[in-house]
Amino acid sequence: MTTGHVFIAVSLDGFIARPDGGIDWLSNDEHGTPDQKGEDYGCAAFMARMDGIVMGRASFETVAGFATWPYPQPVIVLSGSLRQADLPGRLRRKVRLMSGNPREVLGTLAGEGWARAYVDGGETIRRFLRAGCIADMVITRLPVLIGRGRPLFGPVESDLWLTHAGTHSYAGGLVQSRYVV
């Protein structure tokens, strides 16, 4: 089975986006974070180990608005309502739509030769965690409080203990931790 892996940034108060989905707080030149002199915080190395990306619709809509498409790997967008024809023309060959539960999705991708999938988007991460489909998570906390927004985590049915695999702090105050699920 393909394994799911998370690499995500959160505000210090635990949000991955503003209530409207905005992620402008991720880049603040005034404070020098998060792009501290070209530092990528391990993102390129993480992405190099992934066969592709599985993301939710909200994350896709955010990324689709970027001036340039950031992913060289195949991208799967989970949606029950989007159709391939709904995708922006420039992305139709780069993005594929799927639906189904996390195990079905990863089973399909395993059949296509995927070993490791980068799982992105709050609700998608939560669904994959509930299904036991996340192997590890790299969570980078930025030293900013945004007060309200979309949380990375929500209610859980029972305690989910993680194993701390390491933490690194960066200039600018970012703190990155890796957890094995």
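Reply:

**The sheet and its helices**

Strand β3 (residues 52-56) and strand β4 (residues 75-78) run parallel and are joined by 4 bridges. Helices (H or I, at least four residues) and strands (E, at least two) are DSSP runs, numbered from the N terminus. This is a predicted model, in which local features need pLDDT of at least 70, side-chain atom pairs count only at pLDDT 80 or more, and totals for chains, interfaces and linings use all residues. Residues are numbered from 1 along each chain as its sequence is written, and side-chain values use heavy atoms, with hydrogens and water left out.

Within this pair, Val54 has Ile76 of β4 as its bridge partner. Helix α2 (residues 57-64) packs on the sheet and touches β3, β4, β5 and β6 (116-120), where contact means heavy atoms within 4.5 Å. The direction of α2 makes about 110° with that of β3. Axes are lines fitted to C-alpha atoms, for helices over the stretch in contact, and angles run from 0 to 180 degrees between N-to-C directions. Helix α3 (residues 102-111) lies across β1 (3-11), β3, β4, β5 and β6, and runs at about 135° to β5.

Now the sheet as a whole. It is open, with 8 strands in the order β5-β4-β3-β6-β1-β7-β10-β9 and mixed pairing. Two strands pair if DSSP finds at least two bridges between them. Strands β5 (95-98) and β9 (163-169) are the edges, each pairing on one side only. On average, neighbouring strands of this sheet are turned by 20° against each other, direction ignored.
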